[in-house]
Structure formats: structure tokens, C-alpha cells
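The structure comes first, then the points by topic.

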Amino acid sequence: MDININDIKNGMTIIMDGNLYTIVEFQHVKPGKGPAFVRIKRRNLRTGAVTEDTFNTNIKITKAHIEKVKAQYLYKMGDSLVFMNSTTYEQIEIPESILKDSIAFIKEGLEIDIDFYEGEIIGITLPEKIEFEVIETEPAVKGNTATNASKDAKIETGYTVKVPLFINEGEKIIISTKDGKYSGRA
């Protein structure tokens with residue numbers, strides 16, 4: 001489906017030069033002199049490469065139709081993670097190379113969306129925030145109340161995140177999957 005370049009949004013998937021891209025950043029620029037233009041930053045969904053381009057506002061681009069399938073994480077098998085389709089109960093293996101940075105946030109039983117383009121798995125969509133248990137961190141030191149002080153904490157997936165000093169081992173915390181940062185106590 002062709003759409004005007006002015007109608008694109010962050011996170012949208014488009015087809016350019018026969019490749020699939022997701023829009024990372026989109027900016028409509030109207031300079032004092034001359035015509036308006038659009039600046040986009042796009043990530044190739046197959047290679048992960050990010051490119052930046054500038055376009056006139058009158059061009060059309062092709063929007064890719066992405067099918068999302070609800071699934072639940074089951075277990076790791078070799079270099080793949082196995083998910084179960086929540087509707088058909090069919091098992092789907094996804095290679096770690098497709099999952100990239102998302103692996104740090106995948107834990108047993110997690111509900112995600114698998115993104116398909118014409119039958120090909122192009123990635124997954126994680127929930128915006130996920131609850132994790134802190135399995136390793138330094139104990140809080142009384143009197144150490146420096147403003148915005150933080151320490152490292154390892155969560156159940158092995159990912160290390162900066163947390164406030166009052167967080168202890170065994171506590172449940174919420175992490176934002178957009179930036180991988182501590183978001184609060186669960």
C-alpha cells in the first residue's frame with residue numbers, strides 16, 4: 001500500500017529498494033527558505049543497519065503489511081528460542097540472530113507478538129514494561145543517600161540494569177523494554 005511520505009510514523013514498517021525497514025525516527029522540516037522536506041532514520045529489519053535519508057514531501061512510499069501473532073516463550077534450544085502460538089498452540093523457533101537485543105528481556109512464560117512479513121519472521125514486539133526479579137545486587141548501605149545514586153543489579157535473564165540503592169536481591173522491579181532502564185518497583 002503506497003502512502004505519502006508525510007503520513008509515516010515512528011515504528012512503521014516500509015519497503016524501499018526491495019528491503020524491509022522500520023522507521024526509527026521521523027522529522028518533518030520546514031525551513032525558512034525553500035520547500036519542506038522529510039528526514040527519516042530507518043533500520044533494515046534483516047541486517048540491522050541504520051540509514052538516514054532526506055526526501056521531498058511529494059513522494060510516495062510503500063507501507064509493509066506486518067502480521068502480528070500472539071505467542072508465549074517456552075524455552076531455549078541451541079541458538080534458537082521456542083515460542084508457542086497462543087491461538088494454534090503450534091511451536092515456532094526463532095533464531096537468536098533475529099531477536100538481537102530483545103533476548104535480554106525474554107523470560108519463561110512471557111507473552112509477545114511475533115512479527116511476520118509474507119510468512120517470514122522479521123522480529124518480535126515485546127511488552128512496553130516487564131517485571132523481573134533481582135537475582136544479584138550490592139546490599140543497600142545506610143547513610144549512602146547521594147542524589148540519584150544507583151547501583152548495578154542482575155535480573156533473572158542475566159541482563160544488568162542500574163537501579164536505585166534501596167533495591168535488594170529478591171525484589172521484583174519493572175524494566176522498560178524501549179531503553180532497557182529501571183522503571184520502578186513491581
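The largest nonpolar core has 27 residues, and Phe83, Ile94, Ile106, Ile114, Ile124 and Ile173 have the most contacts inside it. A second, separate core of 12 residues includes Ile5, Ile8, Met16 and Phe55. The model is predicted: local features need pLDDT of at least 70, side-chain atom pairs count only at pLDDT 80 or more, and totals for chains, interfaces and linings use all residues. Residues are numbered from 1 along each chain as its sequence is written, and side-chain values use heavy atoms, with hydrogens and water left out.

**Cores**
- A nonpolar core is a set of buried Ala, Val, Leu, Ile, Met, Phe, Trp, Tyr and Cys residues joined through side-chain atoms within 4.5 Å; buried means under 20% relative accessible area, exposed over 50%, partly exposed in between (1.4 Å probe, protein chains only).
- Beyond its neighbours within four places in sequence, Ile173 is in contact (heavy atoms within 4.5 Å) with residues including Ile130, Phe132, Ile155, Val163 and Tyr182.

**Charges over rings**
- A charge sits over a ring if NZ of Lys or CZ of Arg is within 6 Å of the ring centre and within 35 degrees of the ring normal.
- Arg42 lies over the face of Tyr21, 4.3 Å from the ring centre.
- Lys107 lies over the face of Phe132, at 5.3 Å from the ring centre.

**Positive phi outside glycine**
- Asp17 has a positive phi, near 50°, and counts as exposed at 67% relative accessibility.
- Glu118, also not a glycine, has a positive phi of about 50° and counts as exposed at 69% relative accessibility.
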